[in-house]
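Hi,

Here is the structure I said I would pass on. Have a look first, and my notes follow below.

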Amino acid sequence: MKISRRNFLKGSATTLFLAGFNFPVLANTSKKKNLVVIMLRGGMDGLCAVPIIGDKNFEKRRKDLILDKTIKLNSDFALHPKLKNFHNLWQNNLGAIVHATNIPYTKRSHFDGQNLMETGGHIPYSIKTGWLGRGMKLAELKGDGLALALPMPLILRGIPSNDNFYPSKKRLPRTELLQLLKSIYANKSEHDLANMMEIIANRSTMNNGGTSMSRKNSSLALKAGLELKKINGPRVAVFEVDGFDTHAAQGGVNGSHSDSLIEMDSIFKSLEKGLGSEIENTLVLTLTEFGRTIEQNGGRGTEHGYGSAIFMAGGLLKKSQVYTDWPGLKKKELFEGRDLNSTIDARSVYASAMSSVFDIEFKRIQKEVFWGDKLQNLSEKLFKV
Amino acid sequence: MKNFYRKVAFGLGPDEKVPSDPLEWANNQLNNVPEFSWKGKILPEKELRGYYREWVYGDRKVLRKKFKNDKDGYKREKNKLRHATGQKFWWNLELCIRYSEALKSRNPVLAKLWYFWGNHFAISEKDFLAQYTTGAYQREIIRANMNQNFEKMAQEATKGWSMIHHLDNEQNIGPKSQSAKWAREKGKKRGVNENHARELLELHTVSPNCGYSQEDVIQMAYIMSGWRPEWGKKRLETGDVHFDPNAHQPGSKIVLGKKYKSGRKGLSNAITDLVNHPSCREFIAMKLCRYLITDNPTKEMMEPIIKAWEKSDGFLPEVHKAAIEVAFNYSDQYNKFQNPENWLLQMSKMADVDLIPSPAFMDLYKIGNKPIRDQRALEYLMDELGQHPYLAKQPNGWSDISEDWMSPELLIRRLVYAREAYYKKSGNSQTKEFYEEMIEKNYDNPGEILKIIGQHRELVHKHVILFNLPETLRS
């Protein structure tokens, strides 16, 4: 798995070559690249979504939650059978997984955990901006963020003028009224308001007649895909999926955890559809506050745990793979004797992703977005650099 | 200067005269905490906490076990339990009580400050607190103390069940306490949970400006260890808050250089010292100015409020009057971008929008039933506007910074709900004359505004434009 010194040298030689000869690389490097983050709230069970194959410990501790007909990904891991769209991506080298990973938070509170997954910090509520917002600030991506939610999520804070889309169930006023307000704002030097009214006015013409759009993640993702595809459209999008907190009736293939996973899967599908060929220049990542216990509880659900998994999709992935430093599931290998351990700081994945998509040196992201925390640069292992 | 009525309250309604002395008008509202203007049922926090208890116990201890193999059955029974405990109704009732104070009471200034304090000592979105007890907490602990010293409010909010549970203090166990020892014998680890202690310092009293260290936070957490709901098998975490000496960290503690003895009195003594720290009054003066006047308050704005605090020992009516006077003095220079809730209430008050269901209609609700749609109108509306007051995302409450309320979707909501509101007005307020009079009364540039909205013929469009003009969005 480890990249060799030889490979590394080869890589840098190419770069030097291109730089030195003034090769027409611009067409390639100036391409607009997109980053999409899907927040999975409630604690996504990495072992339900991407179960390990043939581990007796696992089968014993979760005997009522073992899935039938999982899709085999490689000799060690399988995929939840309902994740059909993700599997399609996987088969086209557009899907990958990082397993046994999480943010460095071990206390098992949703409340604190969700705060930290968005801020990227260590102490809940001590940081008031999001890691993605700070990364965008470093990349000077003002006005390039799109949240598919009504309140602006914390993860995007840190850079102003983000857009959001979460359609109102009521019709917008007619365009001429919006234009009037826009000109009033402009006359009164309310430039931020005027810019927003411009976005709104464009939206109203697009919706022609204002039939209210669905707020389902699958339709939001289609819209987001179409926007990200535009050369002057947003470059970052953020989604929310709820319902992963399955303390009871988590069930198997048709259980409640599956419902939330299916919703996530529908985002992959719609994004791909909306993006069209631009899926090649896009990277999609999931984010959750923690995984769930190995052992099922009395209600055939699972409790809050630690290590989980990250789903990744898009053409900026290096290849289809389950990237992991697998800690094992024997009692002594578990975190506090109960949870899948996390051997990769999830923030290493996010920092590397921002480095690859925003074209910023990893070290700068590490230093300015994550306070110089000890993170690994996984860019070359996971992404097309 | 007329924006003053919108800045410190919600503007002047159709039945209200323009006060001859605006400051006197405002100050007279701040001395007492009158009865609620809501004439329907009002439930005590303890009763609502009882429903919350039935919900958590029924869900966690009963249904999860009973329906472990039946996802749909579990969902169905859980819904029944929701209605059996009034989960979808209580917070709508609380919103009625809350908004009556802005729209129907004689003390809208007090109401606007009530919302400020509710957000200062915020109970953010956690478990099902919002659906059951947050509204009652804001009535019984926040509003009830608005004619007291700040210290009393801080003491009661800190030891209130809502806050203790919201900030996990029930999990704050002294590592050297008896409870931690017992847990260790069973192979379990118990220790300090700093959450509540940190927020008490950072958000509720002295703020990081006072320069406390991480060690101060830990020491504060030791002082707070043992303050938790009385546990019971059926009560779970919903018992009354008490001090459990077994969970308290033994030995004296030092916070901000001051020593506190072990035991029950430590927390009260520490709060007394925190609220009397200069950083506390500076922080609260800053926040009041930021809420009422501008994102970036100046020293000159804060000073009279700090002085009033020092002179009155943090007596809230005096602190409030000082803040209102500063707001008055700066009303021509500064306009504050209003959050969605305050914007909605201004529109409802000035344009006579029938926002709140009637007490008789709300009292038709019977526990066990699914509330009817119109009984839940406020919950939907606040969610749609992007600011349900009981669902702040974090313990620091909803933001007071303008930028956080400006996004295309949030602006769209103001456009579409301005129009919706127009159709909730009584017929006799849907006239040109009504608007002319209202604009004359509430704006400093009525001529200009009338000219702008005159560009549209239909009254509903005039209404939508008026409530989205910069003059209205900022007060």
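A word on terms first: helices (H or I, at least four residues) and strands (E, at least two) are DSSP runs, numbered from the N terminus. Axes are lines fitted to C-alpha atoms, for helices over the stretch in contact, and angles run from 0 to 180 degrees between N-to-C directions. This is a predicted model, where local features need pLDDT of at least 70 and side-chain atom pairs count only at pLDDT 80 or more, while totals for chains, interfaces and linings use all residues. Residues are numbered from 1 along each chain as its sequence is written, and chains are lettered from A and ligands numbered from 1 in the order in which they are written.

In chain B, helix α5 (residues 90-103) packs with helix α8 (residues 134-142) at an angle of about 35°, the axes being 8 Å apart. From α5(B) come B:W91, B:E94, B:I97 and B:R98, and from α8(B) B:G135, B:A136 and B:R139; in contact means C-beta atoms, placed from the backbone, within 7 Å.

Then there's α3 of chain B (residues 45-66). Its 22 residues should span 32 Å at 1.5 Å a residue, and the end C-alpha atoms are 30 Å apart, which agrees (expected span: 1.5 Å times one less than the number of residues). α3(B) also bends by about 35° at B:D59, the angle between axes fitted to the seven residues ending there and the seven starting there.

As for the two chains, 42 residues of chain A are in contact with 37 residues of chain B. On chain A, α6 (110-119), β6 (163-164), α8 (175-187) and α9 (191-206) each supply at least two residues of the side touching chain B.

Cheers
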